[in-house]
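Hi,

Here is the structure I promised to pass on.

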Amino acid sequence: MSKILSNTELANIADEFGTPLYVYDADKIKEQYNKLTTAFKNTDTVFFYACKALTNINILQYIKSLGANVDCSSINEVKLALHAGFSPERILYTSNGIAFSEIEEAKDLGVIINIDSLSNLEKFGKKYGHSYPVGIRLRPNIMAGGHLKISTGHAKSKFGIPVDQADKIISLVEKYNIHINDLHIHTGSEIEDVDVFVKGIEVLFDIIPKFKELEVIDLGGGFKVPYKKGDTETDINLLAQKVNELFASHPNPGGKHLQVWFEPGKFLVSECGYFITKVNVIKESGDTTFAGVDSGFNHLIRPMFYDAYHRIENISNPNGEEKIYSVVGNICETDTFAWDRKLNEVREGDYLVFYNAGAYGFQMSSNYNSRLKPAEVLVENGKAKLIRQRDVFEDLLKNQVI
Ligand code: PLP
């Protein structure tokens with residue numbers, strides 16, 4: 001939970017660009033990427049940034065400059081990654097529940113594809129046979145992740161082809177001579193326990209011998225980051241050590257070397273992000289004091305969607321007396337960011353900063369209540385640069401047929 005941008009820097013940026021405002025610190029992204037590459041320096045590993053977390057082109061370009069590849073969850077993310085300058089072989093499209101036409105489009109763009117249903121695998125086999133190497137997204141039937149809504153590998157999850165249907169996969173692969181070069185799993189998000197990854201690898205090792213042309217195992221994303229003071233993150237060094245031990249003790253039966261891929265989203269961009277809001281209203285009500293900010297779940301939905309905790313600080317009054325507040329938004333539903341939160345005395349006009357706001361923050365924002373989406377700023381080499389304009393009223397009318 002390192003805090004790189006100071007209160008003064010954040011307040012100055014908010015004064016310059018207005019609120020509500022997303023601010024990203026490039027140095028923090030680099031620090032996180034370096035943690036990964038350092039831990040895995042002795043393993044043949046490639047990191048694909050799961051760009052669903054934050055797709056601003058400037059962020060994509062920055063992450064590309066660090067040397068990472070990119071993982072996409074829609075054909076439009078693939079196109080954004082191409083637009084940001086990633087070459088097709090550095091782009092992975094891990095699909096889920098998509099129309100086959102998107103897979104055809106991804107193939108025509110020349111990117112790497114993970115297929116997640118038997119039906120799309122069959123269509124792929126019929127159309128392309130052995131001509132285009134492809135990966136399979138498996139569901140390992142492992143329950144993991146910080147909240148049910150971000151658990152993706154359990155036995156009732158919609159994601160991936162259930163690993164117990166391996167026989168059906170094999171018959172399709174044999175029938176159409178499909179070139180399977182990658183097996184993929186992603187068990188969930190905010191996984192602190194390294195043994196979850198170990199379990200996943202063990203599930204894969206059971207079926208690896210069935211795929212003679214395999215070159216890669218892709219273990220998805222899901223590394224946890226600290227949210228609260230004293231919180232810990234996934235121990236990446238321990239993970240690297242366990243991955244190496246597993247490969248040493250389960251050599252690939254074909255004797256072939258396998259590369260390991262990861263798809264970190266949150267780990268790379270959560271902590272780089274600060275969401276700065278301004279307090280519109282202080283409202284006393286019985287034993288609750290509401291601090292109402294100039295935002296809502298239309299800008300940061302994680303607390304309401306899956307009970308995510310975001311640390312909040314009053315950077316305008318950091319030495320004020322501590323009091324208890326409910327921090328709420330201005331949307332016409334209950335959009336409470338934090339109940340009973342201890343904050344330095346909050347006054348109307350103060351800036352409240354939400355930490356860990358880089359991942360799934362702006363990216364999940366909307367125009368609900370016909371409110372405008374916030375601006376985004378990237379701080380790089382000590383300079384704050386606007387990387388997305390705040391919406392203007394005309395944006396609300398842009399696609400309406402009048
Ligand atoms: N890979 C896949 C297939 C995903 O679905 C996700 C998240 O939904 C990720 C990677 C990134 O997860 P995280 O941001 O927790 O690292």
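Below is what I found when I went through the salt bridges.

One thing to keep in mind is that this is a predicted model. Searching the whole structure turned up 14 salt bridges, and I'll walk you through some of them.

Let's start with Lys-28 and Glu-31, whose closest N and O atoms are 2.9 Å apart. Both sit in helix H2 (residues 26–39), and because they are three residues apart there, about one helical turn separates them.

Next up is the salt bridge between Lys-175 and Glu-122, with 3.7 Å between the closest N and O atoms. Here Lys-175 belongs to helix H7 (residues 166–176) and Glu-122 to helix H6 (residues 118–128), so the pair ties together parts that are 53 residues apart in sequence. Lys-175 is exposed, at 58% relative accessibility, and Glu-122 is partly exposed, at 26%.

Then there's Lys-323 with Glu-345, where the closest N and O atoms are 3.8 Å apart. Lys-323 is in strand S14 (residues 322–328), whereas Glu-345 is in the loop between strand S15 (336–344) and strand S16 (351–354), so this pair links parts that are 22 residues apart in sequence. Lys-323 is partly exposed at 33% relative accessible area, and Glu-345 is partly exposed at 29%.

Cheers

Methods:
Residues numbered from 1 in each chain as written. Predicted model: local features only at pLDDT ≥ 70, side-chain atom pairs only at ≥ 80, totals over all residues. Heavy atoms only, no water. Salt bridge = Lys/Arg side-chain N within 4 Å of Asp/Glu carboxyl O. Helix = DSSP H or I, 4+ residues; strand = E, 2+ residues; numbered from the N terminus. Buried < 20%, exposed > 50% of the residue type's maximum accessible area, 1.4 Å probe, protein only.
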